[in-house]
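Hi everyone, thanks for coming. Let me put the structure up on the screen, and then we'll walk through a few places in it together.

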Amino acid sequence: MADSRVSALSVYRNLEAENGLCNQTDGPSNKTNQEKQKHSLHLSRRRKIMKKKRKYLKVKLESSLDIHVVNNAEILHGINACARKDPMGSRAKRKIISKRVRKVKRMKLKSKKFEVLSNDVPTNCSTVKSTTTFKRTFPTKPFESKDARPWTGPSLSILLRDLRHIQNSKERSAKLFEWLIAPVAPKKFFSDIWEKTPALIRRHNSNYYKGLFSSEDFDRILREDHVNFGVNLDVTSYFDGEKETHTPTGRALPVVVWDFYKNGCSLRLMNPQAFSGTVWNVLSILQESFGSMVGANVYLTPPGNQGFAPHYDDIEAFVIQLEGKKCWRVYDPRSNEDVLPSIPSRNFTQQEMGTPIMDTVLEAGDMLYFPRGFVHQANCLPEVYSLHITLSTYQRNSWGDLLNKLFPGALDLAIEDDVEFREGLPLDYLDYMGVQNSEREDDPRRESFNKKVYNLMRKLLKYAPIDAAVDQKAKDFIHDCLPPVLTKEELACTVYSAPARWRDGGPRNVVLQIRGSTRIRMLRSNIARLCGENGSILLYYTIENSRDYHKEEEKCIEIDPELADGVELLLCSYPQYIKVDSLPGGSLDDKISLAAALYEKGLLMTEYPLLPKRD
């Protein structure tokens, strides 16, 4: 926010004043030893202050506050920039900025060395912008793999089989993502490509993604599963610059769906993980790498057709070409405001499109990545159809989304703790504040009101419950997640393979033997999250989530505060096994009860399958 600037130099001078260093001079050259020692001490203390200043600036920049020193020269530079960028509107902008110059002169500090924009002064000049650490230069240069040789990695079926033997779900996810983007190294991808530029990875191997999804799978799902128009399947077309949706209601039967396809319509299967075990398995593994839900859509387009208008999305997209070919055009974000957007765009017209930064044809086995905000469109070549799946992640997972969780909590704490936040507003504040009174810059009451608000905002920072806000983000992630696909080894050591049966007129093998010596661990790294809410400690978990997005409400169990340390130890020590009797808190019976409760919820696995007690 441009109006909530913190003056770095004013902070520095306050630190100087607190340490008694204002207006210090070096003194005469013929100092005594005592004076030299005193001067050396002053220099040492000054260096510490500068170190504090640098640390302060770093912390504030990281917390997305605008710390910006502005002097008259910068504002005058802004006037010239206005004139260069917008000659027609420069006079109005000059007038606004000139007012700012006069006000800065009135409000400048008494320091002889510095002339600084005080954080008491509101800023209305659009040309003096806040400092940002994320800079974008246009046009973007996309990444493209150069190797012309076929890339032969392991098949997906072999890879998934090998991943079952990796005990740590984080390492399992890292291996799968490495295969997904090979031959690009994950370290290079996240440092040079992620959220920065599109990337085209050519494999020259049409079978690379074989087994993930196919047109035969699409047909089988239509015939064997209950697919509904509008919920699971969209029907669209794009002709003469106009996108049309032809989605009817009711069940999507094969004869109806394939008739749409034969008439040039594109088919989008949403949430394919609800119907395909392989897609479900891949997505549930990958979500461990991103700490964010990974979703998918499947697109089947007939030859020579296009299903969607140019647009950008609010997700990081991995386009995997499964069958056929498709021509893709990718464009830079249309403005800085469209870089990494939090909401998707409207449909653009062809006349609004400029020159694409990427114009390429994806073939089976290729992958295209583009960050959110990059406009894209795709159409089939006249001679061949196209089937691709788009993996998506990082929706609403930005710093801004975290702060959206943080500030309401901080404000609640501040209002509860500090009477200054509970004091009433001035009786007449409506007479001089608000947009209709924004031109009354000379009214001292506005200046006083703004100063009060800025001071309260600064005080608000010390109440920021950062860890609690992160836990709320994690709670959302847990609810968004797909449930895990368990391996045979995991099934054998969890409640899902318990030998309880009905036999001879009654249940048998119901009670399992969990002892103090039983070694246990959480089932997956992100299987659960411990959160404090309204005086209670709750453990949210994913194991009972639906394969359909948010079909189920969020699931949690309440944890006894005395046993919360034991749950925390289990979460933090993953993937190591821990003996039940080594859990902190409570008696041995309490620890066994905790382990049994988590085991029965499917959140724990034992080192070896449990044996039932004799009936």
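Let's start with arginine 372, whose contacts, leaving aside residues up to four places away in sequence, are Glu195, Asp313, Asp314, Ile315, Glu316, Leu340, Pro341 and Tyr394. Please keep in mind that what you see is a predicted model.

Where does arginine 372 lie? You'll find arginine 372 in the loop that runs between strand S9, residues 367–370, and strand S10, residues 375–379. Is arginine 372 buried or exposed? Its relative accessibility is 6%, so arginine 372 counts as buried, the cut-off being under 20%.

Two of those neighbours deserve a second look. The arginine 372 side chain makes a polar contact with the side chain of glutamate 195 at 2.9 Å, and another with the side chain of glutamate 316 at 2.5 Å.

Now over to serine 398, in the loop between strand S11 (386–393) and helix H11 (399–417). With 30% relative accessibility, serine 398 counts as partly exposed. Serine 342 is 56 residues away from serine 398 along the chain, yet their C-alpha atoms are separated by 8.3 Å.

Last stop: a pair of helices. Helix H6 covers residues 169–181 and helix H7 covers residues 186–193; their axes come within 9 Å and cross at roughly 70 degrees.

Terms used: Residues are numbered from 1 along each chain as its sequence is written. This is a predicted model: local features need pLDDT of at least 70, side-chain atom pairs count only at pLDDT 80 or more; totals for chains, interfaces and linings use all residues. Side-chain values use heavy atoms; hydrogens and water are left out. Axes are lines fitted to C-alpha atoms, for helices over the stretch in contact, and angles run from 0 to 180 degrees between N-to-C directions. Helices (H or I, at least four residues) and strands (E, at least two) are DSSP runs, numbered from the N terminus. Buried means under 20% relative accessible area, exposed over 50%, partly exposed in between (1.4 Å probe, protein chains only). A polar contact is a pair of N or O atoms within 3.5 Å; within protein, one must be able to donate a hydrogen and the other to accept it, and residues adjacent in sequence count only if both atoms are side-chain atoms. Contact means heavy atoms within 4.5 Å.
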